[in-house]
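Dear colleague,

I am passing on the structure that we spoke about, with the sequence and coordinates placed just below. My notes on it follow, and I would be glad if you read them with the structure open.

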6 protein chains.
Amino acid sequence: MTDIIRADGRSTDELRPVTIERGWSAQAEGSALISFGRTKVLCTASFTNGVPRWMTGKGKGWVTAEYAMLPRSTNSRMDRESVKGRIGGRTHEISRLIGRSLRAVVDMKALGENTIVIDCDVLQADGGTRTAAITGAYVALADALEWGREHKFIGQKATPLIDSVSAVSVGIIDGTPMLDLAYVEDVRAETDMNIVVTGRGLFVEVQGTAEGAPFDRRELDALLDLGVAGGATLRDIQTSALADSAS
Amino acid sequence: MTDIIRADGRSTDELRPVTIERGWSAQAEGSALISFGRTKVLCTASFTNGVPRWMTGKGKGWVTAEYAMLPRSTNSRMDRESVKGRIGGRTHEISRLIGRSLRAVVDMKALGENTIVIDCDVLQADGGTRTAAITGAYVALADALEWGREHKFIGQKATPLIDSVSAVSVGIIDGTPMLDLAYVEDVRAETDMNIVVTGRGLFVEVQGTAEGAPFDRRELDALLDLGVAGGATLRDIQTSALADSAS
Amino acid sequence: MTDIIRADGRSTDELRPVTIERGWSAQAEGSALISFGRTKVLCTASFTNGVPRWMTGKGKGWVTAEYAMLPRSTNSRMDRESVKGRIGGRTHEISRLIGRSLRAVVDMKALGENTIVIDCDVLQADGGTRTAAITGAYVALADALEWGREHKFIGQKATPLIDSVSAVSVGIIDGTPMLDLAYVEDVRAETDMNIVVTGRGLFVEVQGTAEGAPFDRRELDALLDLGVAGGATLRDIQTSALADSAS
Amino acid sequence: MTDIIRADGRSTDELRPVTIERGWSAQAEGSALISFGRTKVLCTASFTNGVPRWMTGKGKGWVTAEYAMLPRSTNSRMDRESVKGRIGGRTHEISRLIGRSLRAVVDMKALGENTIVIDCDVLQADGGTRTAAITGAYVALADALEWGREHKFIGQKATPLIDSVSAVSVGIIDGTPMLDLAYVEDVRAETDMNIVVTGRGLFVEVQGTAEGAPFDRRELDALLDLGVAGGATLRDIQTSALADSAS
Amino acid sequence: MTDIIRADGRSTDELRPVTIERGWSAQAEGSALISFGRTKVLCTASFTNGVPRWMTGKGKGWVTAEYAMLPRSTNSRMDRESVKGRIGGRTHEISRLIGRSLRAVVDMKALGENTIVIDCDVLQADGGTRTAAITGAYVALADALEWGREHKFIGQKATPLIDSVSAVSVGIIDGTPMLDLAYVEDVRAETDMNIVVTGRGLFVEVQGTAEGAPFDRRELDALLDLGVAGGATLRDIQTSALADSAS
Amino acid sequence: MTDIIRADGRSTDELRPVTIERGWSAQAEGSALISFGRTKVLCTASFTNGVPRWMTGKGKGWVTAEYAMLPRSTNSRMDRESVKGRIGGRTHEISRLIGRSLRAVVDMKALGENTIVIDCDVLQADGGTRTAAITGAYVALADALEWGREHKFIGQKATPLIDSVSAVSVGIIDGTPMLDLAYVEDVRAETDMNIVVTGRGLFVEVQGTAEGAPFDRRELDALLDLGVAGGATLRDIQTSALADSAS
């Protein structure tokens with residue numbers, strides 16, 4: 001894209017090293033420890049037969065998500081939300097985003113009356129925790145759905161997965177659009193955008209915010225291009241992680 | 001745009017009737033009761049000299065916002081968040097969006113060490129409450145800033161307002177992009193997007209969500225076009241409301 | 001009563017201008033926006049078929065109320081109770097008072113197993129918010145009961161309303177008893193009393209408090225006389241509002 | 001008053017046996033364990049030199065109160081408010097009533113910048129807990145003020161006590177006004193009133209509520225007469241308790 | 001043990017004066033007001049037929065406990081946990097300890113599907129509140145079980161009580177092991193231990209904490225010896241209280 | 001000890017495999033990811049210059065700890081305490097235990113006015129989470145103290161560490177004392193004990209609970225012997241982890 005080299009040596013359209021340790025948890029039906037550079041998120045998917053009472057009898061399932069950060073995942077320690085007795089707005093916002101993103105690729109009828117709760121706990125934070133969470137949660141979700149099929153809670157013919165889904169942040173720094181911002185980049189960005197795309201390249205969610213100056217249509221287009229390309233790379237990494245035999 | 005006529009007789013690129021009762025409150029430094037069709041939001045702006053302790057001594061001001069719905073603003077009564085003892089994720093999310101949107105058009109240095117708290121209380125809800133809130137809050141904010149100048153808390157030369165700001169929802173229903181969704185439209189939309197634009201037509205926030213099927217780039221572009229046009233109309237209505245002598 | 005003229009030009013036994021906008025809300029089964037001078041309270045009555053589980057099977061209904069103030073209804077902004085995470089004692093006290101006052105004029109057997117929730121939200125406050133709330137809530141309640149009859153949830157023969165109910169504040173300022181105190185009067189009052197009376201002039205609630213010096217029996221009698229007279233005027237205003245055809 | 005004999009053998013204008021164990025607590029600056037029949041309330045008064053920050057520098061003191069019931073003070077166990085995580089409306093209401101009642105007899109200037117916190121904990125409940133609490137709290141308050149004078153936190157010349165204060169419930173049962181209702185009477189009362197009077201017989205608070213049918217002026221007068229007479233008896237019992245040497 | 005005489009004249013292996021007022025409460029099925037010197041705890045046992053839903057149908061009962069301190073039970077007033085809106089760690093810890101200790105001597109099958117809730121409210125605190133609570137709660141429990149047998153909720157043949165249970169604190173002060181620490185001793189102790197023993201002298205709970213220097217095996221043994229001896233004395237006092245006819 | 005072989009092949013006096021990944025976190029001043037078999041706890045130590053206000057000016061430091069479990073660390077998902085809005089008793093109890101255990105080996109004067117907050121987050125749970133937490137937290141603490149010395153917040157001469165500390169569970173299963181219980185063993189144990197010992201073999205905390213039948217002195221002695229031996233092994237593993245150059 002440009003010749004600009006970032007602090008960590010990446011080009012503007014390059015992701016940080018992404019790794020996915022599938023099946024990290026011995027307890028959950030599906031799990032993945034995902035890293036976007038120094039950002040590490042433990043994603044688990046808990047499969048429960050049945051749905052909340054208000055959904056019973058409709059023949060449809062439910063997928064929901066909760067996001068949280070360990071208090072010392074960040075550079076300076078944050079107070080625990082359990083100790084404060086209330087969940088902050090940012091946490092709520094991200095939990096809802098993750099849930100919506102995953103539901104977009106699940107056929108709730110094919111899931112049947114089963115519930116999947118996704119937990120994304122940030123063990124170490126260096127920017128892009130919500131996008132890493134969505135990307136890792138998809139892998140955990142896929143394994144939990146497979147578990148449900150193996151245990152006959154889900155019909156054998158069709159998988160409930162319609163598509164895959166991943167997410168990446170993009171932003172404009174000193175006028176230059178960049179992919180997958182690390183924390184030091186994120187705080188400097190004039191515009192910050194999170195893009196959630198399916199494996200086929202369709203948009204599930206686009207959230208762009210002018211942190212500094214408002215942005216114009218040309219900048220918006222450049223950010224969308226970067227995000228879609230990043231999403232394609234993440235899809236390939238997910239596919240590769242899910243191809244491994246061990247779960 | 002198309003020949004489709006909506007349930008309330010609007011064309012696809014038409015706003016609902018928008019009215020702004022500026023200065024509705026006798027108590028607040030700035031206020032506006034805004035209607036987007038049957039949606040009615042009371043917006044007040046409270047001016048306080050001084051800033052929170054953690055901002056003191058930096059010569060900059062602060063603008064923040066809180067959004068809430070009256071329990072029977074909606075078709076069936078909701079429990080009060082004060083009674084439940086906690087604020088829901090949606091409320092948090094919208095409060096944060098309103099605050100970011102307004103801060104994008106305020107020069108915090110020109111505001112000086114003053115704080116403005118915006119309250120947006122939905123008296124009646126019929127879709128688009130967050131976009132009506134942002135649009136009305138701008139009018140309340142403008143009056144509160146004027147109050148601050150009159151009372152010499154803000155320097156006389158430059159207004160802290162860099163630009164105006166308004167917001168509107170857009171969505172895709174049965175494959176057709178439409179402007180300013182009423183509640184019955186909102187629940188049917190496949191894709192739902194809120195667009196916050198400045199008077200000059202720059203983007204402050206773009207939040208698009210696939211409620212049903214994911215959307216492609218062409219649909220995204222159509223939604224952005226509709227939103228920018230709607231924002232221009234809202235800007236003119238704001239300008240007209242602020243041109244009236246009485247506040 | 002005396003020749004004393006108050007700050008707003010009223011005589012000591014005169015109410016502030018009272019207006020009732022019946023049917024203000026397009027969502028609630030009954031509603032009224034009531035003003036006592038600058039005090040404005042939005043009252044809605046939500047009708048639900050059925051009663052809380054602990055009341056089921058007794059053939060009786062339930063009426064309850066919640067009161068709240070918008071954060072900038074007052075001269076300086078108050079924190080939201082939803083943000084603080086707890087409801088204050090004053091809010092609780094007034095909610096309970098409104099509920100008791102309305103239940104006193106409803107025949108719960110005639111109401112049948114239906115629930116009415118009254119919401120009184122103070123949009124602007126200038127003294128007497130609880131008395132305006134009770135007076136306006138009665139109008140909202142009457143319309144919600146009528147809605148219940150029209151929809152056959154309530155038997156057609158007898159209305160569940162036994163009587164009407166209204167409320168007014170009285171107080172002693174500089175030794176003089178006065179009716180319907182505005183905020184500037186309320187803070188100066190030595191004794192402050194809220195009187196809830198039925199349309200027939202019987203007492204539902206009498207709450208008198210010595211804010212300054214304790215009061216004697218003669219002062220108490222004078223306050224009761226003023227309150228009963230004020231209640232009669234409010235009853236006539238309620239009757240007139242309910243006589244209008246549109247709801 | 002009448003020949004009616006109550007379940008416990010009292011006449012209609014007779015108090016239950018009242019006992020005051022002054023100085024029950026070895027920890028508090030003032031304390032009293034008061035009984036109104038089977039109702040037992042432990043009242044403590046905690047004296048602290050200094051006032052809350054918002055009152056500093058005005059040369060005035062502060063008196064506040066908190067009321068609570070032990071979970072098994074009542075016939076069937078109630079959940080603890082600490083476990084529920086919130087204080088109920090009734091608790092708030094009574095705490096505020098006790099605080100107002102005591103402040104009415106304290107000269108805050110003579111108290112100086114000192115704070116007294118009254119705690120009224122109901123150990124056993126059989127009706128009239130709030131009136132027993134006020135009556136006992138006065139004794140605890142008097143001793144805490146004396147402690148403050150002995151320890152030179154309060155000036156030696158004038159006592160901050162302007163008058164004494166006590167409280168009693170009255171109510172109408174089967175059309176008959178009665179004094180000091182026990183629990184079985186309280187639940188049957190058509191009208192229930194709490195009267196707080198000073199030692200000189202002036203009113204501090206009058207709170208009458210129609211639980212069943214609304215009441216007329218004649219009934220109100222009869223209740224006030226009963227309450228004033230009961231208050232005079234309680235004043236004598238307080239005086240006698242405070243005359244004992246040991247504190 | 002040694003010739004050391006403590007501040008209150010006790011020898012190192014001597015309990016403070018212990019009194020048990022059995023049946024103090026007229027409301028609860030079982031109750032005891034216990035004193036360990038100046039420490040006074042009101043213990044009530046509430047018997048309910050039935051068990052929580054998750055235990056239904058197993059033919060077994062449940063015993064649970066809640067502990068709390070009155071705000072002015074201590075030398076300086078503490079804030080109420082109900083006002084703070086959350087229960088502190090110490091309160092939770094002690095409530096759980098009391099529950100476990102009592103369950104250790106109850107045969108849940110013999111209890112049948114009945115629930116006993118123990119409330120231990122500290123009226124006055126001078127060290128050892130948790131041990132006094134356990135010791136007093138056993139007496140309240142025994143009477144509540146007897147009530148259950150009299151009312152035929154529990155089978156007549158076997159009592160559900162397997163053994164009795166009591167508790168006492170021990171500690172090392174200036175190198176000397178001592179029994180039943182008063183508050184002034186407790187704050188000086190290098191090691192602090194609470195020992196819960198059955199009437200037969202078996203251990204239910206041993207909780208030893210090095211507040212200052214860690215302790216060695218010899219010191220641990222000396223503390224255990226003291227505690228077992230103290231427990232035997234407390235068992236005799238319990239037996240004597242329960243032998244009295246009146247409950 | 002005996003010839004009994006456990007489910008996982010261990011002898012009764014054998015620890016599960018213990019591993020310590022020192023410096024797991026790139027953010028915290030000290031950290032360790034510790035495993036006791038399948039139990040995995042992430043321990044971080046956050047060093048802050050300064051102490052809470054109430055400790056200022058005493059020349060002493062403070063060490064505190066918080067413990068939590070990820071929702072799907074366990075076999076079936078638990079609700080988050082942040083979502084429930086309150087911390088449970090077990091969490092409080094363990095947090096306090098970890099804090100006390102670490103403070104026992106820190107010389108607060110040598111630490112100076114610095115604060116260390118320990119966070120122990122259970123990533124995967126299979127019994128013994130609190131003992132793994134203490135053992136790992138010691139390693140994180142040691143590194144955070146070293147960081148403080150390198151950054152000159154702590155004096156150079158003496159380390160604030162007086163000794164090392166570790167913890168292990170012991171229990172009686174089918175009458176046999178066993179070391180380091182896995183979850184399946186823990187639920188079957190008649191007696192369960194947690195023993196916290198210093199590197200020199202002194203006791204910091206002994207917490208033994210009869211889950212089934214009460215235990216006698218001989219059993220208690222056997223458990224203490226096992227725990228002390230296990231502690232010695234853990235001390236050696238800690239020493240070895242801290243001997244590695246990288247932190």
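Which residue of chain F comes closest to the rotation axis? By C-alpha position it is F:Ser82, at 1.8 Å. The axis in question is that of a rotation of 180°, which, with 0.0 Å of shift along the axis, superposes chain F on chain A at an RMSD of 0.0 Å, and this is the relation of a two-fold axis. The superposition is by least squares on the C-alpha atoms of residues with pLDDT of at least 70 in both copies, pLDDT being the predictor's confidence in each residue, from 0 to 100.

Before going further, some words on conventions and confidence. This is a predicted model, in which local features need pLDDT of at least 70 and side-chain atom pairs count only at pLDDT 80 or more, while totals for chains, interfaces and linings use all residues. Residues are numbered from 1 along each chain as its sequence is written, chains are lettered from A and ligands numbered from 1 in the order in which they are written, and side-chain values use heavy atoms, with hydrogens and water left out. Chain A has a mean pLDDT of 94, with 98% of its residues at 70 or more, and the model as a whole scores ipTM 0.93 and pTM 0.89.

The interface of chain F and chain A

Contact, here and below, means heavy atoms within 4.5 Å. By that rule 35 residues of chain F are in contact with 35 residues of chain A. The same surface serves both copies, since 100% of the contact residues of chain F recur in chain A. The two chains bury about 2900 Å² between them, 48% of it on carbon and sulfur atoms, where buried area is the accessible area (1.4 Å probe) that two parts lose on being put together, summed over both. Across this interface the rule finds 12 salt bridges, each being a side-chain nitrogen of Lys or Arg within 4 Å of a carboxyl oxygen of Asp or Glu; one of the salt bridges joins the side chains of F:Arg80 and A:Asp121, at 2.9 Å from N to O.

By contrast, no contact joins chain A and chain D, whose closest C-alpha atoms lie 11 Å apart, and none joins chain B and chain E, where the closest C-alpha atoms likewise lie 11 Å apart.

Annotated positions in chain A

An unreviewed UniProt entry lists "domain: Exoribonuclease phosphorolytic" for residues 14-144 and 164-229 of chain A; UniProt positions are given in the numbering used here, feature names are shortened, and annotations may be inferred rather than shown by experiment. Residues 14-144 are 30% helix and 32% strand, with end C-alpha atoms 31 Å apart, whereas residues 164-229 are 26% helix and 44% strand, with end C-alpha atoms 15 Å apart. Helices (H or I, at least four residues) and strands (E, at least two) are DSSP runs, numbered from the N terminus.

UniProt, again in an unreviewed entry, places the feature "binding site" at A:Arg90, A:Gly128, A:Thr129 and A:Arg130. These positions are spread over 41 residues of sequence, yet they cluster in space, the largest C-alpha distance being 13.4 Å.

A:Gly128 is found in the loop between strand 5 (114-124) and helix 4 (129-150), and A:Arg130 has its place in helix 4. A:Gly128 counts as buried because its relative accessibility is 18%, and A:Arg130 is also buried, at 19%; buried means under 20% relative accessible area, exposed over 50%, and partly exposed in between (1.4 Å probe, protein chains only). Leaving aside neighbours within four places in sequence, A:Gly128 is in contact with A:Arg16, A:Phe36, A:Thr39 and A:Leu181.

C:Asp174 lies in the loop between strand 6 (165-173) and strand 7 (176-179) of chain C, and it is exposed, with a relative accessible area of 58%. Apart from its neighbours within four places in sequence, C:Asp174 is in contact with C:Arg188 and C:Glu190. D:Asp174 is exposed at 59% and has a phi near 50°, a positive value in a residue other than glycine. For E:Asp174, phi is near 50° and the relative accessible area is 59%, so this residue is exposed.

With best wishes
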